[in-house]
Amino acid sequence: MNKKLQVFVSSTYTDLIEERQAAVQAILSAGHIPAGMELFTAGDEEQLKVIYRWIDESDVYLLIVGGRYGSVEPKSGKSYTQLEYEYAVKKNKKSFHSNNVSGVFGFKD
């Protein structure tokens with residue numbers, strides 16, 4: 001029996017709705033479990049803790065990169081998407097992402 005993986009899907013939202021839906025459909029079609037920010041609204045520190053817990057509980061982190069930087073978390077000055085990505089990297093999550101992550105977030109990965 002194959003293990004079902006939980007895949008956390010991360011991206012900005014309004015500009016990538018179709019791409020996120022396609023990713024979720026592909027994850028489901030492969031027999032795995034999608035998780036993502038559709039369940040949350042980017043908003044506050046408490047929300048970020050919940051998102052980090054979901055990333056912790058996921059087996060894979062999938063980042064979809066578009067043309068927007070996304071909503072900025074006031075304390076860090078970084079987008080919620082960037083904070084999710086940095087957290088997943090720090091936690092050594094298996095990840096899939098565009099080759100343009102450093103261009104979008106302004107750092108080398």
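These legends describe close-up views of a predicted model.

**View 1. Helix α2 packs against helix α3.** Helix α2 spans residues 45–57 and helix α3 residues 80–90. Their axes lie 10 Å apart, at an angle of about 40 degrees. That angle makes α2 oblique to α3. The crossing of α2 past α3 is right-handed. On the α2 side, Leu48, Ile51, Tyr52, Ile55 and Asp56 make the contact. Tyr80, Leu83, Glu84, Tyr87 and Ala88 make it on the α3 side. Of the residues in this contact, 8 are nonpolar, 2 are charged and none is polar.

**View 2. Lysine 3 pairs with aspartate 59.** This is one of 4 salt bridges in the structure. The closest N and O atoms are 3.3 Å apart. Lysine 3 sits in the segment before β1 (6–10), and aspartate 59 in the loop between α2 and β3 (60–63). The pair links distant parts of the chain, 56 residues apart. Lysine 3 counts as exposed, at 56% relative accessibility. Aspartate 59 counts as partly exposed, at 26%.

**View 3. Arginine 68 and aspartate 15 form a salt bridge.** The N to O distance is 3.8 Å. Arginine 68 lies in the loop between β3 and β4 (72–73), aspartate 15 in the loop between β1 and α1 (17–29), so the bridge ties together parts 53 residues apart in sequence. Arginine 68 is partly exposed, with a relative accessible area of 38%. Aspartate 15 is also partly exposed, at 27% relative accessibility.

View 4. Arginine 53 is partly exposed, at 44% relative accessible area.

Notes: Residues numbered from 1 in each chain as written. Predicted model: local features only at pLDDT ≥ 70, side-chain atom pairs only at ≥ 80, totals over all residues. Heavy atoms only, no water. Axes fitted to C-alpha atoms, helices over the stretch in contact; angles between N-to-C directions. Helix = DSSP H or I, 4+ residues; strand = E, 2+ residues; numbered from the N terminus. Parallel < 35°, antiparallel > 145°, perpendicular 65-115°, else oblique. Left-handed = near helix turned anticlockwise from the far one by under 90°. Contact = heavy atoms within 4.5 Å. Nonpolar A, V, L, I, M, F, W, Y, C, P; charged D, E, K, R; others polar. Salt bridge = Lys/Arg side-chain N within 4 Å of Asp/Glu carboxyl O. Buried < 20%, exposed > 50% of the residue type's maximum accessible area, 1.4 Å probe, protein only.
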